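Good morning, everyone, and thank you for making the time. Please have a look at the structure on the screen, and I will then walk through a few of its contacts and elements.

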Amino acid sequence: MLEVTGFSAGYQGNDVVHEVAFHVDPGEAVMIIGSNGAGKTTLFRAMCGLLSPSSGQVLFEGDHITGLPAERIARLGMRFVSAERHLFPRMTVQENLLLGAYPGRPDPETMSVVLDLFPRLAERRRQHVGTMSGGEQQMLAVGRALMSKPRLLVLDEPSTGLAPLLAQATYEALGVLRQRGLTVLVAEQQVPLAMAFCDRGYVLENGFIRLEGTSEELAENPGIRSAYLGVGDGAMLDG
Amino acid sequence: MANILDGLVLGLQFGLLATGLTLVYGLGGVLNLAYGQMAVTSAMMVTLAMDAGVPALPAAGIGLLGGGLLGLFLDQTILRPVYRLHDEPRVLLSLLLTLGVSFIVDGFLIWRYPLKALTLHIAGGAVEILGVPMRRGSLVASAITLITFAGLFVFLQRTTLGRAVRSVIEDEEGARLVGIYPDRMLRLILVLSGVLAALVAITRSMVTPVNTTSGLSITVFALIVTVVGGLGSVAGALLAGMILGIVSVVAADFIGSYISLIILLVAAAVTILIRPAGLLGVKE
Amino acid sequence: MSGRLSSESGPSLIGGSGDLVEARSSRSLPVLLIPIGVVGAALALVPLWIGDSRVLMGVAVLGLAFACYAIGFNVIFGSTGQLFLCVGALAGIGGYGAAILADRVGLPITVSILVATLTATFTGGLLSFVAVRRSLGVIFTGIVTLIFTLSFDALLLGLSGLTGGDTGRLIDSGADTFLRDQIAPYYLMLALVLIFLLIHGLLQRSHIGWAFRALRDNEVAAELAGVDVARYRVYGALIGAAMLGLAGSTYAFTEGRLSPTTYGFGQVDVVVLVMLAFGGIGTLFGPIAGAVTFTIVDEILIEFGQLRQVAYGILIIVLFLRLPRGVIPTVASLWRRVRGRCLGFQVFR
């Protein structure tokens, strides 16, 4: 569904992400893990049109979307939930969700699916986003992305700033959606969470993809265990 | 009491005027210093049409259309290079380029039509409101302004497009992520601001003549109200407009018109220094 | 093109920091004095051509006044990046202040000029201090100073008893001195221009100048390097405002009459902006090039009356759009590239 090849991107002429390549097949849940500064956010922002890539190619469902602006990509069935969420602070939960369906007409059925998934949002329908907690905002960000019935959902560190229970709840909701056919690509620092949820993953380090494999394979890799799972004697990751 | 009512009439116009400027800045980060000239040019179109024999109402329609077209023209020409920039450099360049435009328009209009003014005469005697005789022109102007505000609120709050406009003001990146095109929204708002400028000029002419030299002062007043009300806030523009309208009339009556202007200017400066977001603007 | 560190968000309008001058900043004083001397000598010859026309000499004196204003604004905006849209108003504090002190209060002319200049200096410093304290960005600084200009204008009109309101006032003081002669005022203003150039040149070479360049290019980096951005901004404003006040007050006495249009936004600020945009913001001789060019251009355009405003509007657009670094620096760098290629090697900066 999503194929990224030879992808590089950065700021002011300095690349942060170098020749990255990965793919996501329909129905999969794929993770990109790495520590702070590895380049996950830069990768996703460039992929989803918020940043111009310096080289490489992105194919979504066979179409070239490399370098297209975010607003065009958002209309193609791929929705990005960025780490900063970018919700509309002085608008209500309801309004944020309605806008998620832009430019189409908001579908009442989709709305009720989203509200069932995140009952806290239903309670706060008329509340202004600025007054909500971090966890609730995260749920809203995901919910808003879902309003357009995307086929691929890309999330950048959805667990940031959330209490463990809430992070867990978010991933559970994503799990429900997976069963209904949603494909997910997620970047995470909190590796255990992502591993439990995803089928496959890539490890991003200093802008390079160092490792890839199924969740089980990665979970057994000693380098990953020490670097990201806090287990073992600190063996360096090679790849 | 008479002052308060006059102040309200003026205030409503201030508010509607500022709405055009504040939406363009809040949504697109563009400071349009040629705003007053847009209003004056539209007024001139109306008066020229009326000279040519067109009856008042269609002539006003021409003015509104002209205003919208001016907004579109700005978007398609002068502002193109501005769109390639972001944040502070964008505002700076837009400020300088529109300043240049304002000079071109002012210079041309004052040269070609030095004595021309738009005056719309509303027939009928004075009407008494709360014991104060008000001119019909003021009342009609205020009514039109209020209806326009109502229309704006409905548009922004209840329609999808209006919500999309607000979303770009709230968070441009968020809007892009849901598939909204910020530059299309900006184009829409620029056209709208042109129409609003024209509308204010037309309704103002029902109260007092609008002439070719008014351009700069219109821009200044719009800027003051925009700053006090909050960049990007329509409600702020209305609120600030009303307050400053009343202050302006009362001060002019009790102290003097120059001092009245200074008070408004100082109010804007104080707002910038104490609460740059304005009364109802977004706090960064 | 000079390999300087420039922040992405910094306006491209402030480009040339006087590359020609920067390269020589390590050299000695004579290298600064020579070009200034040449400019001074060239300008000193002007009365030889037009000395017998009172009108033209008046235009020339005004041109030099504008050169002073442009240098002052160059120090404030070009050196420290503060968009002060109150150039005319600060000069006006000098002009009107000195005139009122001399005529009404009866102070000697030199004292009046001194007091008025100090007032303008203080005002400029205050505006900068406030802007810096409240962390106003370029735009809000511009708006606040514009508000100041408009308030000053309203004040001039409102206090008509003192200022003569719309029609202005004549200045009696100094009417019988050399200040109203045909040629002498020209050399007086020329002296000011050269002194200002010297001050600016010395400033650029001093550690203050280094601090200015640092904070203009990248404020955050400058702070980290130990530059107290706030303090240097105020310094820049103080120096520039002093220049404006001094030039404004001196000019007032040579002119003999004042009106709001002598120091108005459209008459002074806009023109200075155009002059500097043409000559190169931040360069040492940019103000001179701009002032000379546009004094001549303005004289040529004078028959077009109101349409002059149209010309200025077009100029602003073209200059800030196409040549953000100024005509002179752009031409200079083009020339250097052509020359370098002709000589067969690249001139590196």
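How many residues of chain B are in contact with chain A, and how many of chain A with chain B? Before I answer, please note that this is a predicted model, in which local features need pLDDT of at least 70 and side-chain atom pairs count only at pLDDT 80 or more, while totals for chains, interfaces and linings use all residues. Residues are numbered from 1 along each chain as its sequence is written, and chains are lettered from A and ligands numbered from 1 in the order in which they are written.

To come back to the question, 15 residues of chain B touch 20 residues of chain A, where contact means that the C-beta atoms, placed from the backbone, lie within 7 Å. On the side of chain B that touches chain A, the elements giving two or more residues are α7 (160-170) and α8 (172-177) of chain B, and α7(B) gives the most, with five residues. Helices here are DSSP runs of H or I with at least four residues, strands are runs of E with at least two, and both are numbered from the N terminus. By class, this side of chain B has six nonpolar, three polar and six charged residues, with Ala, Val, Leu, Ile, Met, Phe, Trp, Tyr, Cys and Pro counted as nonpolar, Asp, Glu, Lys and Arg as charged, and the others, Gly among them, as polar.

The contact between chains C and B takes 33 residues from chain C and 34 residues from chain B. On the chain C side, α7 (138-158) and α15 (307-322) of chain C each give two or more residues, and the largest share, 13 residues, comes from α7(C). That side divides into 22 nonpolar, 10 polar and one charged.

Let me finish with chain A, where four strands form an open sheet in the order β2-β1-β4-β5, with antiparallel pairing; two strands pair if DSSP finds at least two bridges between them. The edge strands, each pairing on one side only, are β2 (14-24) and β5 (63-64) of chain A. Strand β1 (residues 2-11) of chain A pairs with β2(A) in the antiparallel sense over seven bridges, and Gly10(A) stands opposite Asp15(A) in β2(A).

Note on methods
Contact = placed C-beta atoms within 7 Å.
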